[in-house]
Amino acid sequence: MVSVRLYVEGGGQSKALRAQCRRGFAQFLSRAGLAGRMPRVVACGARTDAFKSFALACTAARAEGDSILLVDAEGPVSAANPWDHLSTQDGWKRPSGAREGQCQLMVQCMESWFLADREALSRYFGQGFQTSSLPAGNEVEKVGKQEVLFGLDRAARPTAKGGYAKGEHSFRLLGLVDPELVARAAPSAARLLAELGAQPAPGTGP
């Protein structure tokens with residue numbers, strides 16, 4: 001059976017955190033309807049390392065399956081082609097033979113997706129979580145990265161967890177949020193799920 005390798009940004013240099021990263025993405029994708037045909041999640045740490053690992057996989061032309069790159073956009077996306085965005089944002093050159101669909105973005109960052117499921121955030125952080133401190137609105141991809149991170153931390157400060165810590169909380173939250181809600185709010189998530197063969201939620205982008 002042909003397998004898909006999903007090269008994701010995240011996990012740092014810690015084996016434990018990389019395991020959490022793989023588990024969080026696996027839970028999210030399984031809940032999106034991909035159980036039984038899951039991609040192999042490769043936690044790469046830094047975004048540059050994710051791109052290098054993906055580019056190497058493309059060069060090797062591995063017969064066992066396709067490869068997909070998934071990284072934070074790090075800002076708003078205006079380019080129609082994600083490769084064009086990464087060319088402008090990071091100076092990365094699209095590997096020879098790589099399809100447009102092999103480049104996937106989390107816009108503007110992974111935490112943007114969390115804003116789509118505020119009930120999951122409240123359940124995770126527990127008593128004291130201040131939903132009103134989160135950025136308002138349903139168009140989560142239009143909220144700046146720093147505003148997203150600051151809003152999550154501010155909302156979680158009154159809780160027993162004492163705030164939001166990227167890494168410590170991010171991948172646990174990824175495994176808890178509802179993929180359908182995320183896909184409705186974030187066209188980038190709907191695009192990823194469609195590329196992987198999941199059923200995208202109604203009313204989402206391509």
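**Helix 5 and its neighbours**

I looked up what the buried residues of helix 5 pack against: helix 4 (110-114), helix 6 (145-156) and helix 7 (170-174). Contact means heavy atoms within 4.5 Å. Helices are DSSP runs (H or I, at least four residues) and strands are E runs of at least two, numbered from the N terminus.

The model is predicted: local features need pLDDT of at least 70, side-chain atom pairs count only at pLDDT 80 or more, and totals for chains, interfaces and linings use all residues. Residues are numbered from 1 along each chain as its sequence is written, and side-chain values use heavy atoms, without hydrogens and water.

Which residues of helix 5 (118-125) are buried? I found Ala-120, Leu-121, Tyr-124 and Phe-125. Their arc around the axis is only 120°, so they sit on the same side of helix 5. I take the arc from the directions from the helix axis to the C-beta atoms. Glu-119 and Arg-123 are exposed on the other side. Buried is under 20% relative accessible area, exposed over 50%, partly exposed in between (1.4 Å probe, protein chains only). Gly-126 follows helix 5, with a positive phi near 80°.

**Core**

I then checked the largest nonpolar core, which has 47 residues. A nonpolar core joins buried Ala, Val, Leu, Ile, Met, Phe, Trp, Tyr and Cys residues through side-chain atoms within 4.5 Å. Phe-25, Trp-113 and Phe-114 touch the most other members. Helix 1 (15-34) gives the most to this core, six residues. Among the residues that Phe-25 touches, I noted Val-8, Met-110 and Phe-171.

Methods:
Lists of a residue's contacts leave out its neighbours within four places in sequence.
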